[in-house]
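Trainee: I am new to this structure and would like a close look at a single part of it. Please take the aromatic residues as the subject and then relate them to their surroundings.

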Amino acid sequence: MIKQLDEIFRRNKLKKFTALATSTTLWFYVMSSQDPPLTSSYAIPVEVINSPRDVRATVEQKPISVKLSAPRSYFADYKEKDIHATIDAANLTEGSYELPISASFPKGFELVSISPEKIHVQIEPFVDKQVAAEIIVTGSTISDAVVTNVAKSLENVSVVGAKSEVEKVKRVIGYVGLTDNKDDFEMQVPMSAIDSDGREVKNIRVVPSTMSVKIDLETGVTKKAVSVTADIILPSGKEFSKVTVEPSQIEIVGQGEILKNISEIKTVPLTLPAINENFHGTLKLALPDGVTCQVEKVTVTAELKK
């Protein structure tokens, strides 16, 4: 059997070799000289072009498929980065649009299809608004030192960004850590834009991004926790059934002789000449002379007795 196979392979070797060489040559000729066309699809991110400088274009997150046709050799010479899907946002004003997608690609390629052909785009202006700057002091000083004053270089800062992002900003906060300080100090504090849930709002610029904050400390003083009482004067015949103060307890600071006789801090008296519904508001604390507190105001909620 083996001898018979060997005879088959040995027989007409020249003709077989010639046939193989000819077919190989023809294959290379067809693939190289004729360069048959091929098609290929690419997943391309959408780019916004010609967008006005004073607006932001937000493009719907959707995969874009660009199918191209070209001679086989072209696909070897060019890469995916040479192919672009774009939308033209020239002269667009605030609003929602369904814009056509265009494709650009190297010479020699032909566009077969783009899917989808259009995409949703939201155009919104860049705006800014003023927000009060808050400084929050964290950490502790040495045992007999307290913060007597927090002085910031600015009362307000600007938040700048796309309209929908700026509208989310409710507060601008900077944090100062005490870390066992005993002397006055000053530092540059980064400021962050915060939404109603306490999360930082991204894609927003705070101007200025930092501010100078000076912390004044006093040593040799005493701290004491006391309750807070709302001092509200009602019309004759009216009274509250329930009064809630937030925070209900605060830490006051001063000389020991002054603090030893203080068990509570009242709010600045508020007189209500007429009231027919529940009360909710912010009241300032009435601190005695020689007493300081980091809390300046409390929130009072009171239910009117029926």
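Mentor: Let us begin with Phe109, which is buried, with a relative accessible area of 9%; buried means under 20% relative accessible area, exposed over 50%, and partly exposed in between, with a 1.4 Å probe and protein chains only. The model is a predicted one, in which local features need pLDDT of at least 70 and side-chain atom pairs count only at pLDDT 80 or more, while totals for chains, interfaces and linings use all residues. Residues are numbered from 1 along each chain as its sequence is written, and side-chain values use heavy atoms, with hydrogens and water left out.

Phe109 belongs to a cluster in which ring pairs link Tyr74, Phe75, Tyr78 and Phe109. Rings of Phe, Tyr and Trp (its six-membered ring) pair if their centres lie within 6.5 Å; planes under 30 degrees apart count as stacked, over 60 as edge-to-face and the rest as tilted. The structure holds four aromatic pairs. In one of them, Tyr74 and Tyr78 have ring centres 6.5 Å apart and planes at 40°, so this pair is tilted. Tyr74 is partly exposed, at 28% relative accessible area, and Tyr78 is likewise partly exposed, at 34%. Tyr74 also forms an edge-to-face pair with Phe109, with 5.9 Å from centre to centre and 80° between the planes. This second pair links distant parts of the chain, since Tyr74 lies in helix α3 (residues 72–77) and Phe109 in the loop between β7 (102–104) and β8, 35 residues apart. Helices (H or I, at least four residues) and strands (E, at least two) are DSSP runs, numbered from the N terminus.

An open sheet of three strands runs in the order β1-β4-β8 with antiparallel pairing, where two strands pair if DSSP finds at least two bridges between them. Its edge strands, β1 (37–44) and β8 (110–115), each pair on one side only. From one strand to the next, the twist averages 20°; axes are lines fitted to C-alpha atoms, for helices over the stretch in contact, and angles run from 0 to 180 degrees between N-to-C directions. Strand β4 (residues 64–71) pairs with β8 in the antiparallel sense over five bridges, and Lys67 stands opposite Ser113 in β8.

Charged side chains complete the picture. A salt bridge is a side-chain nitrogen of Lys or Arg within 4 Å of a carboxyl oxygen of Asp or Glu, and the count comes to 14 salt bridges. Among them, Lys62 and Glu60 meet at 3.6 Å, N to O; Lys62 is partly exposed at 37% relative accessible area, as is Glu60 at 32%. Another joins Lys305 and Glu239 at 3.9 Å, N to O. Lys305 lies in the segment after β24 (297–304) and Glu239 in the loop between β18 (232–233) and β19 (240–246), so the pair ties together parts that are 66 residues apart in sequence. Arg56, Glu124, Glu165 and Lys168 are linked in a network of salt bridges.

For the chain as a whole, the secondary structure comes to five helices and 24 strands, and 30% of the 306 residues count as buried.
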